[in-house]
Amino acid sequence: MFSKDRWDEILEALNANKFRTLLTAFGVFWGITILVLLLALTNGLKNGVTAGFGNFATNSMFIWTQQTSKPYKGLPKGRRFNFKLDDVASLKNDFPQLKYVSPRNQLGGYSGANNVVRGTKTGAFQVNGDYPEFIKQQPMDIIQGRFVSYSDINAKRKVCVIGTGVVKSLYDKNEETLGTYIKINGVNFMVIGTFKVSNSQGDKEEEANTIFVPFTSFGQAFNFADNVGWLALTANDGTNITTLKPQLLESLKNRHKVHPEDDRAIGNFDLSEAFGRVNGLFSILSFVGYFVGALVLMSGIIGISNIMLIVVKERTKEIGVRRALGATPWIIKSQVLQESLILTILSGMVGISFAAAVIWGLNYALDMNGPVENFANPSVSMSVVFIALFILVVSGLLAGLIPANSATKMKPVDALRME
Amino acid sequence: MGTNSLHVLKGINFNVKEGELVSIMGSSGSGKSTLLNILGMLDEADEGSYTLDNVPIKNLNEKIAANYRNKFLGFIFQSFNLINYKSALDNVALPLYYQGVNRKDRIEKAMHYLDKVGLAPWSHHLPNELSGGQKQRVAIARALASDPKVLLADEPTGALDTKTSNEVMELIQGINDEGKTILLVTHEPDIARMTKRIVNLKDGVIIDDNFVEQVRANQYV
């Protein structure tokens with residue numbers, strides 16, 4: 001369909017009035033730019049917000065104990081209770097759908113008092129007692145050494161893995177960390193590894209100022225016995241943790257003599273559900289992006305259609321001459337269609353490139369100035385680009401349709417008479 | 001295109017043989033342009049028949065008409081009707097483009113006809129860089145390019161001064177001498193006398209149709 005001759009014909013016609021061609025093209029250029037930018041910004045917002053979830057495995061939930069709100073089996077309401085290590089064993093046993101069951105305990109935390117000492121240096125850090133699985137639920141990069149292992153758990157070794165923030169506060173630059181001792185709440189722990197949280201957003205500082213010790217050593221050193229602060233549960237890939245939740249809660253209530261309808265006794269945060277909600281929100285946002293972008297693009301298309309009508313009107317006589325020389329109506333129609341198609345696609349391509357440049361600039365600025373809350377890496381995928389191109393082709397054809405028909409509506413003899 | 005119809009031609013019956021140079025004369029409104037348009041298949045007669053080179057021209061749809069025009073006819077207009085953003089060469093090559101001739105042959109043929117009308121050095125000029133006479137010669141080259149059976153010229157000298165008119169007529173006579181059939185509409189008796197046959201139209205009928213002694217245009221140049 002596109003021979004070189006056709007191309008020459010079309011480019012000649014478009015070149016004949018460069019300024020007008022440019023102005024017309026701007027409408028489509030602007031429309032597609034806005035469409036792509038809106039989708040990229042939506043995506044940036046989505047990336048930012050989902051990064052707020054950390055890299056925690058999304059098919060997870062956290063679960064902890066609160067006060068009971070109903071008396072049950074002779075026990076009063078307002079009773080406090082704790083999860084124990086044998087709850088972990090029983091959950092693992094009763095629910096094979098669970099991939100990881102990590103009991104956790106914590107000391108210190110956000111703006112706590114100084115709790116760690118090394119020589120003359122002190123610092124306030126969050127200290128977690130954890131099982132080895134935890135690193136699979138919340139991925140982190142081990143920079144040196146290793147993470148907590150099961151032999152640490154079994155031997156209750158007083159070892160710890162420290163974050164980069166901890167290293168910065170307690171050690172001099174380039175000082176060896178592995179094998180040294182730090183004193184947590186008066187108890188010495190040997191450093192066996194350092195870590196940083198991979199691709200983290202938001203809580204970077206807090207995460208870097210964290211110390212991991214084996215769960216069992218934590219219980220012994222800080223007098224937690226086999227009490228569990230909270231549980232981090234991750235389900236197998238095939239199972240949604242949200243559907244599993246009622247059974248998990250029922251089993252735990254049963255074990256701790258909690259009234260089956262006592263909803264306040266056990267607190268939980270369902271990461272999967274929250275994640276799903278956020279994802280739903282962003283599907284709507286990108287729909288809005290497409291919708292608004294398409295509307296803006298449409299005004300550009302109407303602009304092209306309009307200008308093609310004028311061009312056809314202006315060239316009535318030329319079209320008459322061409323028909324006198326032997327151009328069939330189809331040749332004339334297809335030329336008008338192709339002119340509008342090429343105008344649309346060219347300006348659309350420029351628009352997409354321009355939007356890509358803006359996105360690149362945004363990313364560059366973000367990289368330079370550090371992370372912004374709830375916004376990261378605005379980008380569009382190739383599929384969006386192809387969808388945009390598809391929209392352009394369809395709309396270019398639509399824009400040319402009416403003008404193409406009007407071009408051949410007049411009889412050649414009347415067209416030739418036009419001045 | 002008004003809603004009121006008007007009978008312009010009221011019974012025209014004439015034949016043109018191959019190689020003739022016919023002028024159709026008449027005052028404005030006599031129907032001479034309408035006749036030419038019907039012969040050029042740009043318009044269609046309400047009744048009657050038209051046979052061109054033993055091909056009955058009837059039941060034309062636009063596509064067939066376009067193909068016939070392309071193959072059988074060459075048009076020369078009063079206002080030249082060159083496409084103003086195309087070079088002289090490309091203008092001449094346009095009918096060949098619609099014939100589907102490839103680019104190389106097209107350029108070669110177009111160049112041949114431009115040379116024939118003496119404008120080879122101007123081949124890459126745009127129409128607005130040419131004089132009126134030159135434009136009409138480009139238009140004649142364009143009409144010749146598809147090697148049509150008949151040339152139809154609608155007041156070919158109407159927009160030209162006497163001197164240029166004579167030059168253009170000389171060219172047209174030369175083309176006729178080579179055997180091409182030419183029909184020419186004019187209201188100038190001087191131009192009509194340069195043809196071989198004059199058909200006079202009045203109010204849609206032929207009032208006379210005479211073969212005349214041809215006046216050669218080159219005696220004025």
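Modeller: Before we start, two strands pair if DSSP finds at least two bridges between them. Strands (E, at least two residues) and helices (H or I, at least four) are DSSP runs, numbered from the N terminus.

Colleague: Fine. What should I know about the model and the numbering?

Modeller: This is a predicted model: local features need pLDDT of at least 70, side-chain atom pairs count only at pLDDT 80 or more, and totals for chains, interfaces and linings use all residues. Residues are numbered from 1 along each chain as its sequence is written, chains are lettered from A and ligands numbered from 1 in the order in which they are written, and side-chain values use heavy atoms, with hydrogens and water left out.

Colleague: Which sense does β1(A) pair in with β13(A)?

Modeller: Antiparallel, over five bridges; β13(A) covers residues 230-235. There, I63(A) has L231(A) as its bridge partner.

Colleague: And with β14(A), how many bridges?

Modeller: Five, again in the antiparallel sense; β14(A) is residues 266-270. F62(A) is bridged to F269(A).

Colleague: Why is β1(A) largely enclosed?

Modeller: Five of its six residues, 60-65, are buried, so the rest of the structure largely encloses β1(A). Buried means under 20% relative accessible area, exposed over 50%, partly exposed in between (1.4 Å probe, protein chains only).

Colleague: New topic. How much area do chain A and chain B bury?

Modeller: About 2,400 Å², 58% of it on carbon and sulfur atoms. That is the accessible area (1.4 Å probe) that two parts lose on being put together, summed over both. Chain A brings 28 residues to the contact, chain B 25. Contact means heavy atoms within 4.5 Å.

Colleague: Which residues of chain A lose the most area to chain B?

Modeller: D5(A), E12(A) and L325(A), together 24% of what that side buries.

Colleague: Is A13(A) buried or exposed?

Modeller: Buried, at 8% relative accessibility. A13(A) lies in helix α1 of chain A.

Colleague: What does A13(A) touch, beyond residues up to four places away in sequence?

Modeller: R315(A), Q335(A), E339(A) and Y85(B). The C-alpha atoms of A13(A) and E339(A) are separated by 8.0 Å, though 326 residues apart along the chain.

Colleague: Which element gives the largest share of the lining of the second largest pocket?

Modeller: α10(A), with four residues. By class, the lining has 13 nonpolar, seven polar and eight charged residues. Ala, Val, Leu, Ile, Met, Phe, Trp, Tyr, Cys and Pro count as nonpolar, Asp, Glu, Lys and Arg as charged, and the others, Gly among them, as polar. A pocket is an open set of points on a 1 Å grid over the protein atoms alone, where a 1.4 Å probe fits, with protein on both sides within 12 Å along at least five of seven lines; lining residues have an atom within 4 Å of a point.
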